[in-house]
Amino acid sequence: METILVARVESIVGTNVAASLADRHRVIGLTSLDSFSLTDCETATCAVQDPEIARQWVASVQPDQILLCPDSSHSTWQPGEKRLSRSECQKTTRAWARAAREFNCPFTMISSDAVFSGPWMFHTEESTCLCNSVQARAVRGIEDCAVDTWPSSLIVRTNAYGWSAESTSPGWIEKTL
């Protein structure tokens, strides 16, 4: 059984990926939240952004895959969402990409579709139409940090919304509907 290590499992993408893979894989979710649990997943609280913590977890678990869901993967349109701290996201991304590289482990970082200048369901891979907002430039900088640290990194750009295990009240979509 493959082991998947999800750093920032409390994020919407982290929670949903971990929950969907838990019946087929050993999923270990790491979070900075004190009381977070997810059915059928092992969870642990730690300083996810700490480079030494990242290395220790990868060394001890020897995962088959690492999935990182930094703040840059959160939806940019969701009201009240914590704003991106570029330096903190880069520090976290660098720590996990470096640990993945050291142990030759596949590394996936969830990013944001905020880098585009409009809806991008269909576009060519060579497209250069990128948004020039401060947020979009910060997200691209974090993506670059992952690839510069571990060139084999997979960057997944998405618009994250959905169910979250940490929610105690209806989310933005539920309130809107």
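This report walks through a predicted model of a single chain, from its overall layout down to a few individual residues.

Some ground rules come before the details. Residues are numbered from 1 along each chain as its sequence is written, and side-chain values use heavy atoms, with hydrogens and water left out. Because this is a predicted model, local features need pLDDT of at least 70 and side-chain atom pairs count only at pLDDT 80 or more, while totals for chains, interfaces and linings use all residues.

**Overall layout**

The chain holds five helices and six strands; helices are DSSP runs of H or I with at least four residues, strands are E runs of at least two, and both are numbered from the N terminus. Read from the N terminus, the elements go β-α-β-β-α-β-α-β-α-β-α. Of the 177 residues, 45% are buried, where buried means under 20% relative accessible area, exposed means over 50%, and partly exposed is in between (1.4 Å probe, protein chains only). Take the contacts (heavy atoms within 4.5 Å) with a separation of 6 or more: residues 24 or more positions apart account for 65% of them.

**The sheet and its helices**

The six strands form an open sheet in the order β3-β2-β1-β4-β5-β6, with parallel pairing; two strands pair if DSSP finds at least two bridges between them. β3 (42-45) and β6 (154-158) sit at the edges with a single partner strand each, so one side of each has no neighbour in the sheet. On average, neighbouring strands are turned by 20 degrees against each other, direction ignored. Axes here are lines fitted to C-alpha atoms, for helices over the stretch in contact, and angles run from 0 to 180 degrees between N-to-C directions.

β1 and β2 run parallel and are joined by five bridges. Valine 6 has glycine 29 in β2 as its bridge partner, and leucine 5 stands opposite isoleucine 28 in β2. Five of the six residues of β2 are buried, so this strand is largely enclosed by the rest of the structure.

| Helix | Strands touched | Angle of directions |
|---|---|---|
| α1 (residues 12-21) | β1, β2, β4, β5 and β6 | about 165 degrees with β1 |
| α2 | β1, β2, β3 and β4 | about 165 degrees with β2 |

Then there's α4, with 16 residues: from first C-alpha to last it reaches 23 Å, close to the 22 Å expected at 1.5 Å a residue. That expected span is 1.5 Å times one less than the number of residues. Its buried residues include Ala138, Val139, Ile142 and Cys145, but also Arg140 and Glu143. The cover over the buried residues of α4 includes α3, β5 and β6.

**The cores**

A nonpolar core is a set of buried Ala, Val, Leu, Ile, Met, Phe, Trp, Tyr and Cys residues joined through side-chain atoms within 4.5 Å. The largest one has 25 residues, and Leu30, Ile66, Trp96 and Phe107 touch the most other members. The elements giving two or more residues to it are β1 (3-7), β2 (26-31), α2 (51-61), β4 (65-68), α3 (86-102), β5 (107-112) and α4 (134-149). α3 gives the most, with six residues. Apart from this core lies another, of 14 residues, among them Val27, Cys41, Leu67 and Cys69.

Leaving aside neighbours within four places in sequence, isoleucine 66 is in contact with Leu5, Val58, Trp96, Ala100, Cys105, Pro106, Phe107 and Thr108.

**A few loop residues**

Cysteine 46 is in the loop between β3 and α2 and counts as buried at 12% relative accessibility. Beyond its neighbours within four places in sequence, cysteine 46 is in contact with Leu30, Thr31, Ser32, Ile53 and Trp57. Cysteine 46 and threonine 31 are 15 residues apart in sequence, with their C-alpha atoms 6.1 Å apart.

Most residues other than glycine have a negative phi. Aspartate 40, in the loop between β2 and β3, has a positive phi of about 70 degrees; at 63% relative accessibility, aspartate 40 counts as exposed. Glutamine 62, in the loop between α2 and β4, has a positive phi of about 50 degrees and is partly exposed, with a relative accessible area of 45%.
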